[in-house]
Amino acid sequence: MRALAKWSVEDYHHMIAAGILAHRRVELLRGDIVEMSPEGPEHYYLSDEASDYLKEVLASKAVVRLDGPVTLADSEPEPDIAIVRPPKAQYRDRHPSPEDIFWIIEFSNSTLARDLKEKRAIYASASIPEYWVVDLQKKTLTLFRTPIGEIYQSQQTLSQGAVTPLAFPNTAISVSRLLGASAP
């Protein structure tokens, strides 16, 4: 078997700056440049709605980023939503890094297996405190918390109720709103 070259985050940034990856929807996952699956209308609509909802709920507590990269040790994924530390201006010259990230949300349809395995391990190894996966087919929200190594120690799947993010214990987030139900 032949060895494949792994790319560093710095290499990846150089390729982006040189225009090598222009017009390609890719992300860096553990040194591999991976094509991103196209988003269907429901996927984009629900992640956009959830982003708007979270911006309302979190107001000045956090910055809610939609479809933006985050820079990790050997990866630069582009989660559907990243909830990060303010102020927003600090991300003008860099992407959020693990110490900036409160939690990450992925909306999954065709990428569910990758989101539940590979991305979950990547986010856990970067010590992202919480990782939420919205399963668009089953209409569920799975929360992963307490990362140790490549594993989250806690996992919970919900289809209703409210979630209290670890970073904001006095803030309730409606599961049904994240799953696409209209505001009450």
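Two strands are taken to pair if DSSP finds at least two bridges between them; strands themselves are DSSP runs of E of at least two residues, and helices are runs of H or I of at least four, each numbered from the N terminus. The structure is a predicted model, in which local features need pLDDT of at least 70 and side-chain atom pairs count only at pLDDT 80 or more, while totals for chains, interfaces and linings use all residues. Residues are numbered from 1 along each chain as its sequence is written, and side-chain values use heavy atoms, with hydrogens and water left out.

An open sheet of six strands, with mixed pairing, has the order 3-4-5-6-7-8. Its edge strands, each pairing on one side only, are strand 3 (63–66) and strand 8 (151–158). On average, neighbouring strands of this sheet are turned by 20° against each other, direction ignored; the axes are lines fitted to C-alpha atoms, and angles run from 0 to 180 degrees between N-to-C directions.

Within this sheet, strand 4 (residues 81–84) and strand 5 run antiparallel and are joined by four bridges, with I104 in strand 5 as the bridge partner of A82. Strand 5 and strand 6 (residues 130–135) run parallel, joined by six bridges, and W103 stands opposite E130 in strand 6. E130 also stands opposite R145 in strand 7, as strand 6 and strand 7 (residues 140–148) run antiparallel with six bridges. Strand 5 is mostly covered, eight of its eight residues being buried, where buried means under 20% relative accessible area, exposed over 50% and partly exposed in between, for a 1.4 Å probe and protein chains only.

Strand 5, helix 3 and strand 6 make a right-handed β-α-β unit: with the strands pointing away from the viewer, the path from the first strand over the helix to the second runs clockwise. The loop between helix 3 and strand 6 contains S127, which has a positive phi of about 60° although it is not a glycine. S127 is partly exposed, with a relative accessible area of 48%. The C-alpha atoms of S127 and Y152, 25 residues apart along the chain, are separated by 9.2 Å. Y152 is found in strand 8 and is buried, with a relative accessible area of 7%.

P87 is placed in the loop between strand 4 and strand 5, and the peptide bond from P86 to P87 is cis, with omega near 5°. K139, in the loop between strand 6 and strand 7, has a positive phi near 55° and is partly exposed, with a relative accessible area of 34%.

Strand 1 (residues 26–29) and strand 2 (residues 32–35) run antiparallel, joined by four bridges. L28 has I33 in strand 2 as its bridge partner. V26 and L28 point one way from strand 1 and E27 and L29 the other way, and all are buried. In the hairpin of these strands, with two residues between them, R30 takes a positive phi near 50°.

The largest pocket has a volume of about 280 Å³. On a 1 Å grid over the protein atoms alone, a cavity is a set of points where a 1.4 Å probe fits but cannot get out, whereas a pocket is an open set with protein on both sides within 12 Å along at least five of seven lines; lining residues have an atom within 4 Å of a point. Grid points are joined across faces, edges and corners, and the volume is the space filled by probe spheres set on the points. Of the 22 residues lining the largest pocket, S37, E39, H43, F107 and T111 are the closest to its centre. Helix 2 (41–58), strand 5 (101–108) and helix 3 (112–125) each supply at least two residues of this lining.
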